[in-house]
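User: I have a protein model open and would like to understand how it is packed. Can we go through it step by step?

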Amino acid sequence: MAHSVLVAGTGGASAVLAGALAAAAPVPAALLTTVPTVPASAEPAMAGRAVAPGGFPAALAQLRAAEVWWVAPGEPGPADLAAGRALFAALSALGARALRVVTVGPTGPTGPTSPTSPTGSTGSTGPPGADRLLLREAAAAALAAGVPWLAMRTPVPVAPEAVARGIPAGGPHLLLDALHAWQADLEERCPGYPSGRAFRLVVPSGAAVPLLSSDRAAERLRNLAEEPGGGPFRALDAPLVGIVGLLPELGAAYGLRLEPAGSERELDAVELALHRRLTPFRAFAAACTAASSVEPLPAQPPPGAHRRLLRAVHLGLTGAARQPAPPESVCSAEVGGAELVVRSSGPADGPVLVLINALGQERTPWDRLTALLAAGHRVVAWDVRGTGPVPRPFTLDDQLDDLAGTLRLAGVAAGTPVHLVGWCTGAKVATAFQRREPAAVASLVFLNPSFRLDGPGQEQDTPYESNLDAVCRGVIRNPARAGRLLQLFGPSAAEGTDGPPGPWEALTAVSPALRESVRRPFLDRDSLIRYAGQLLDFWAYDSAPDAAGVDVPVLFVTAEHDEVASPERARAALVHYPHARHVELLGATHYCLHDRADLVARLIGGFVREPGCPGADGEELRWER
């Protein structure tokens with residue numbers, strides 16, 4: 001197929017800018033990227049084609065283009081280099097008469113602009129590291145093909161279309177995305193709380209970021225490429241905008257009141273949660289500010305100058321759907337006189353993650369995390385039994401039998417070790433199963449684990465655990481009291497406190513989406529009686545002797561504001577596992593698998609890939625061992 005222009009780009013901001021360049025081309029253009037979804041251009045015929053890095057040679061063999069653009073990250077990885085090399089090798093076959101190479105965003109150790117000048121002007125040495133290798137190979141390929149070439153650099157553009165299509169863009173989006181996610185989570189947990197309130201952000205004096213839309217960046221890059229002279233290296237400057245001056249614009253676009261703060265000590269609990277989420281953005285802003293330190297910051301932009309762009313990004317984020325639920329297969333069988341329902345999703349050849357739910361809970365708290373994990377893992381779970389109608393009381397041994405039956409029903413081949421992920425009471429179940437079937441388990445992950453045990457250590461209980469213990473023992477001693485005791489943990493227990501919530505209440509509130517699940521064991525008298533029997537059996541099991549023999553990697557994930565399962569008991573249990581690591585999620589609650597599914601998914605994915613290394617880092621995490 002013949003085109004006058006071919007634009008190719010790798011993931012993230014590079015793909016976004018590649019799409020904008022293709023849309024801005026004055027003649028027919030083809031667009032190739034390495035991401036599964038790319039921004040559609042103004043004309044549907046120019047929408048991009050996603051190609052894996054290894055598939056570039058075959059895709060290029062079908063194309064012809066007089067002008068070739070290659071857009072890559074300023075810090076290209078192996079996949080970027082592989083795709084670029086395929087493109088450079090195809091220049092002659094494409095019929096190219098010019099090659100344009102654009103690097104986007106941070107370059108080597110020197111930050112978001114040129115390695116030779118804070119303002120973006122270039123020298124003759126070119127950028128260091130992998131991006132220097134990319135340009136050197138581009139130059140060699142252009143020379144061999146007998147075509148002129150030009151290398152250009154641009155800061156990360158702000159692209160509304162990126163967030164709407166789930167494409168990570170980096171740069172200023174580190175602020176825009178984090179602010180939106182924080183606002184959405186807060187609004188979900190405590191509806192109406194963000195409205196009309198002023199929120200403070202810690203903004204260093206003089207901090208600034210480049211603010212340039214993707215379509216404007218594409219237009220200016222094309223103009224820059226057509227300027228005569230100037231040598232083979234050119235850089236696109238973006239206007240630097242002071243962050244303090246940007247806050248009113250940003251707040252107006254997001255429907256918030258944002259004000260600067262001088263230090264973390266001024267922040268309340270909700271503001272501190274946002275501060276921690278903004279760690280990557282602060283690093284980006286520090287690099288931008290350092291790069292501009294030799295020149296005064298530009299004059300403050302007029303009111304409303306950036307509001308349209310910021311509002312477009314916010315609308316894109318608001319309209320972007322969460323990770324869709326993956327297709328799942330469901331099977332069931334009668335086990336122990338009652339139906340056992342097993343659900344599986346994700347690639348059949350991926351590492352197998354088996355999710356062990358908390359006693360008495362249904363699947364809703366896991367839905368978001370399951371959708372994220374199923375992108376690269378085979379995720380297996382079963383509907384935990386025992387509080388619904390059953391022929392006899394369910395014990396810990398029954399849960400272990402259900403786990404074994406789940407592996408059989410899911411078709412997990414014998415001898416295939418699986419990774420067990422246990423939430424709350426699931427930690428003890430996972431430990432006991434690993435000792436019963438050690439060859440079947442590759443690793444253990446405990447999310448907000450409950451290691452409550454009868455006997456010593458009651459001072460470590462949360463108030464919730466103490467109250468629940470009293471209720472369970474009262475119900476077992478006198479089942480006739482179950483109806484009255486329901487009021488302590490029934491529907492009203494999940495509704496929150498009367499009156500306007502403060503920062504602490506807003507941060508720790510249970511999402512309305514989870515309230516039905518939270519209430520499940522307390523729906524009626526019979527459910528509570530069965531649940532009480534399960535918990536008393538669970539509390540009688542001391543996992544410490546079994547833990548000492550667990551010879552697989554273990555990851556403890558606790559939450560700073562867990563008011564359900566005692567983090568202190570989890571720390572006490574940690575010492576019994578010889579190969580355990582512990583990370584605390586700051587600002588998170590017992591329901592972090594729902595509220596912070598993105599962060600928990602990164603932790604689990606990283607741990608499964610390489611148990612000795614953290615799968616995530618930053619101020620939201622405190623690694624303690």
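**Packing in a predicted model**

Analyst: Ala 59 lies in helix H2, residues 56-60. Keep in mind that this is a predicted model.

User: Is Ala 59 buried or exposed?
Analyst: Buried means under 20% relative accessible area. Ala 59 has 1% relative accessibility, so the residue counts as buried.

User: Which residues does Ala 59 touch, not counting residues up to four places away in sequence?
Analyst: Contact means heavy atoms within 4.5 Å. By that rule, and leaving out residues up to four places away in sequence, Ala 59 touches Leu 32, Arg 49 and Val 51.

User: How far apart in space are Ala 59 and Leu 87, C-alpha to C-alpha?
Analyst: In sequence, Ala 59 and Leu 87 are 28 residues apart. In space, C-alpha to C-alpha, the distance is 9.9 Å.

User: Now the whole protein. What percentage of its residues is buried?
Analyst: The protein has 24 helices and 20 strands. There are 625 residues in the protein. Buried residues make up 54%.

User: Among contacts between residues at least 6 apart in sequence, what share joins residues at least 24 apart?
Analyst: Start with the contacts between residues at least 6 apart in sequence. Then ask which of these join residues at least 24 apart. The share is 78%.

User: Which residues have the most contacts inside the largest nonpolar core?
Analyst: In soluble globular proteins, nonpolar side chains tend to be buried together. The largest nonpolar core here has 55 residues. Those with the most contacts inside this core are Val 354, Leu 420, Phe 433, Leu 444, Phe 446, Phe 556 and Tyr 577.

User: Which helix gives the most to this core?
Analyst: The helix in question spans residues 525-539. It gives 7 residues to the core. Its name is H20.

User: How many residues are in the other core that lies apart from it?
Analyst: Leu 176, Ala 178, Ala 207 and Val 270 are among the members of that other core. Its size is 38 residues.

User: How many aromatic pairs does a search of the whole structure find, and what angle lies between the planes of Trp 182 and Phe 199?
Analyst: The search finds 14 aromatic pairs. Trp 182 and Phe 199 form one that is edge-to-face, with 5.0 Å centre to centre. The angle between their planes is 90°.

User: How many residues apart are Trp 182 and Phe 199?
Analyst: Trp 182 is in helix H7, residues 173-189, and Phe 199 is in strand E7, residues 198-202. Both residues are buried. This pair links distant parts of the chain, 17 residues apart.

User: Why is the pair of Phe 451 and Tyr 577 classed as it is?
Analyst: Planes over 60 degrees apart count as edge-to-face. The ring centres of Phe 451 and Tyr 577 are 6.3 Å apart and their planes stand at 65°. So the pair is edge-to-face.

User: How many residues apart in sequence are the parts that Phe 451 and Tyr 577 tie together?
Analyst: Phe 451 lies in the loop between strand E17 and helix H16. Tyr 577 lies in the loop between helix H22 and strand E19. Both residues are buried. The parts tied together are 126 residues apart.

User: Which residues form one aromatic cluster with Tyr 577?
Analyst: Tyr 577 is in contact with Phe 446, Phe 451 and Phe 556, among others. The residues that form one aromatic cluster with Tyr 577 are Phe 446, Phe 451 and Phe 556.

User: Which residue lies over the face of Trp 539?
Analyst: Lys 428 lies over the face of Phe 538, at 4.3 Å from the ring centre. Over the face of Trp 539, at 4.4 Å from the ring centre, lies Arg 452.

User: How many of the 11 residues of helix H15 are buried?
Analyst: Helix H15 covers residues 426-436 and is largely enclosed by the rest of the structure. What covers its buried residues includes strand E14, helix H14 and H20. Lys 428 and Phe 433 are among those buried residues.

User: Which residue's backbone oxygen does the side chain of Gln 183 reach?
Analyst: Gln 183 lies in helix H7. At 14% relative accessibility, Gln 183 counts as buried. Its side chain reaches a backbone oxygen at 3.0 Å, that of Tyr 254.

Notes. Residues numbered from 1 in each chain as written. Predicted model: local features only at pLDDT ≥ 70, side-chain atom pairs only at ≥ 80, totals over all residues. Heavy atoms only, no water. Phe/Tyr/Trp six-rings, centres within 6.5 Å; stacked < 30°, edge-to-face > 60°. Helix = DSSP H or I, 4+ residues; strand = E, 2+ residues; numbered from the N terminus. Buried < 20%, exposed > 50% of the residue type's maximum accessible area, 1.4 Å probe, protein only. Lys NZ or Arg CZ within 6 Å of the ring centre and 35° of its normal. Core = buried A, V, L, I, M, F, W, Y, C linked by side-chain atoms within 4.5 Å. Polar contact = N/O pair within 3.5 Å; in protein donor to acceptor, adjacent residues only side chain to side chain.
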